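Good morning, and thank you for coming.

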Amino acid sequence: MELYLAKQDGQKGKKIALDDMILTKDMPTTAGSKMLENYMSLFDAEVVERLTASGYAIGGKANVGEMCIDLLGETSYYGAVEGEDGTLMTASAMLVKNGEADAAIGLDANGTPRRAAALNGLVCIKPTYGTVSRFGTVSIACSGETVTVTANDVSTAKNVLDAIVGHDDKDGTSLPEEKCAKVKAAEFVPAKRVAVARSLTESASEAIKQKIADAVDAFKANGIEVVEIDDSLLLTAKNAWNILMSAELCNNVSRYDGVKYGYRTKNYTTIDELYTNSRTEAFGELLKTAILFGSETLSDYNYMKMYDKGLRIRRVLSEKFDEIFESFDAVLMPASAKSAYTKADTEENKYIAYDENLYTAPATITGVPAVIAGGVQLLGKAFSENVLLDLAKKLEGAGK
Amino acid sequence: MATKYETVIGLEVHIELATESKIFCSCSAKFGGEQNDHVCPACCGMPGMLPVVNKHVVDLGMTAGMMLNCHINRVTTFDKKSYYYPDLPCSYQTTQWFAPVAVNGTVRINTSKGEKDIRIKQIHMEEDAGKLVHDDWTNTTFVDFNRTSVPLIEIVSQPDLSSAEEVVAYLERLRSLLRFAKVSECRMEQGSMRCDVNLSVRPEGSKVLGVRTEMKNMNSISAIERAIEYETARHIDAIENGTEELVQETRRWDDIKGKSFAMRNKETAGDYRYFPDPNVMPVCIDDEWYDGIKATLPEFPEVKREKYINELGLGEYDADLLTESRALCDVFEAAYAESNLAKESANWIISNCMKVLNRKQMTPDMLNIDGKSLGKLIKLVADGKVGNANARKILDEMFENDIDPEKYATENGFIVSNDTGRIQDVINAVVAADQKSVADFKGGKEKALMALFGKCMKELKGNCDPAVLREMLLKTIQ
Ligand SMILES: [Zn+2]
């Protein structure tokens, strides 16, 4: 199994694996789809330019699930990645875990990089929305997707993050430099109080509950107060995000129509057949489902019932987080229901990624930062990455 | 008694904004260019590019709103409209659906029936689509993305118009106001002003609207007139004689055939699945921005016209001509401010500047000479320091280069000489060489004096006060 879809040698510096959602001008970018097989971008993503400028070497393009909305990369047109024990794994997580890459850059639209890091005992940072440029990433769900950093340890992840954080004029949602600077600050900030998300934790498997318990112990041992809170409202994030993500995805991938670049069917006589057959032949099943669902949520008759409601839930959730972070420095929660998944799981429930994002959607839909360490997830208020990373340090090494 | 009918018309007018660059990328928005010259990964729909709003587009959207007496939405947002067509590279158009830049305006029109206010529902900003070019030889369709993402505004009127005459008056008024405010050149022949006509017909006095059809593809104001007349007659014929069943649909106007045709249902029907564009943050217009735009608004053309006639003493014809174009007004006002000579300033623009423009095949809107310099030149002429022929040469130079007329006149020997000794020498020489004309003049032929005068003036290279020359010439002969 090839973990890299394209590889690059000879550059000096610590090696970075790029999820194949990040555009590069010297290597193809496929987004895990047949639609973009051999697609060559005319430019590098902003994160690639920043990494190179900071002396990192780009090792290659890691295989990803189609448009990175699946559970663990299983929907890639170029094949799923499985560990020796048959568990699913993303290519970039495996590259980092094996030491073939020092860190990986991903695009978190549906929690995949965070989920993969949690299952593999890696560290993953999904920074505050707007602090890392999305210029040059394959757009999926622009209102929530964020560039992520995955590494074996907190300090490597932090160093790579510092290299890519910053304002970019080419991204209209990019925050001003003074806000980005808060994320880049060198000093870690100790937390005093951490909340545990009760219902999310209860919904997870025993093994995951144990990881949460271990994390609580580690925090308490460091003199941090830990309190369980009612998080039932956070459970609504999943459905709301599924609506927003699918709608935006449907719109964003509509440019892949077989006209300008990418896959074009041989089987057409009219423009409508060109569109329909190219997309039918080149897109996988999960993506097609997402497109149809997204299209429904935006239709005239559903917009107020679905898309608009999704936007309202986003606002309510942001207010809920504001309230939580008035009293707590972070919220501790699982990143997945189970500690391992196999292909059988994804065959049994084809839309498992639309269920398992129960744990990742709260941070995605609100744009707050999330850090994975010790197999668990920590959420904080905007720009509190250094608080989350300080907590993550206390979990390092656990959960492998 | 035969039923009388009234026509109810609402217009959607698309106007391309006069910006240097496109709405979300830095490509040129200029008309023309080789096919696919003005494109980049953003405006041809490649992955990875994100839209960044061109602030000048919002400036012009606000300006248009203010010129049409609209309320400006202080928070205005961009939304995505989805449909598949090969000239739309992203398969969505970024437009304004939920909070357009301007709403609730009015435009006053003047027709044979008097004044009438047409209500404006809204003005929204959006991006243009590209162009399909069909090659019959290879039976292939090509796409030209030069126009994709060129900024547009769409001005949506309420159904307040009731005749072709009113529609023409409305469109001419829009064009005049928006050209005056430098929002757009509004040229229908280049597609920078396009108009869709929503039309229905009902018995006079009826409160119920008839079946509405939308007509597209009219390329001139006269085509719009023809289309409205045809479509009105078609509706009335259908209602009265049942020749066909009227359905709500979009129709394409064929100006050569003089008929409208139903477009394929596919091209028109659709659920556009609008939603807010998450990549474009809401644009917040603060007081400073709002007031700044307000301060740049020009006087309305009719206000200027009145002022030119009543305060500056221009004739109606001159005032009409000048207020056709903002550029002419700007140059006129600057020239007048410098010279304090209103009629001369108007004359110089209407006769001399127009001649140069015509020669260069430029429109009045393209007049870009410095009005202050023109004022200086007019003063030089009025003071008798430069002759008319030489002044026109200086004007020619002003179209090419930024010059100071007095300095240029001095350097080129165009300053009228007051050296009477030199003038007398020239007169003596001319008179000596052309005794026949002298004799003719003395014999009563007035024209002979003109010949002598012309010869002297030529010898003096025009640098002589004509009155002085004439007087000295007469004295010498007599
Ligand atoms: Zn462009």
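**Helix H1 of chain A and its surroundings**

The buried residues of helix H1 of chain A pack against strand S2, strand S3 (57-62), strand S4, strand S6 and helix H4 of chain A. Helices (H or I, at least four residues) and strands (E, at least two) are DSSP runs, numbered from the N terminus, and contact means heavy atoms within 4.5 Å. This is a predicted model, in which local features need pLDDT of at least 70 and side-chain atom pairs count only at pLDDT 80 or more, while totals for chains, interfaces and linings use all residues. Residues are numbered from 1 along each chain as its sequence is written, chains are lettered from A and ligands numbered from 1 in the order in which they are written, and side-chain values use heavy atoms, with hydrogens and water left out.

Which residues of H1 (residues 46-53) of chain A are buried? They are A:Glu46, A:Val47, A:Val48, A:Arg50 and A:Leu51, where buried means under 20% relative accessible area, exposed over 50% and partly exposed in between (1.4 Å probe, protein chains only). After H1(A) comes A:Gly55, with a positive phi near 90 degrees.

I turn to the sheet. In chain A, 11 strands form an open sheet of mixed pairing, in the order S1-S3-S2-S4-S6-S5-S10-S11-S9-S7-S8; two strands pair if DSSP finds at least two bridges between them. At its edges are strand S1 (4-7) and strand S8 (225-229) of chain A, each pairing on one side only. Within the sheet, strand S5 (residues 123-126) and strand S6 (residues 146-151) of chain A are antiparallel and share three bridges. In this pair, A:Cys124 stands opposite A:Thr150 in S6(A).

Next, the interface. Here 41 residues of chain A are in contact with 30 residues of chain B. The two chains, A and B, bury about 2,800 Å² between them, 59% of it on carbon and sulfur atoms. Buried area is the accessible area (1.4 Å probe) that two parts lose on being put together, summed over both. A:Asn251, A:Arg255 and A:Tyr275 supply 20% of the area that chain A buries against chain B, more than any other three residues.

Finally, the metal site. The zinc ion is coordinated at 2.3 to 2.4 Å by the SG atoms of B:Cys25, B:Cys27, B:Cys40 and B:Cys43; donors are N, O and S atoms within 2.8 Å of the metal (3.2 Å for Na, K and Ca), and since water is not among the atoms, sites may look incomplete. Along the chain, the donors of the zinc ion follow the spacing C-x1-C-x12-C-x2-C. B:Cys25 counts as buried because its relative accessibility is 12%.
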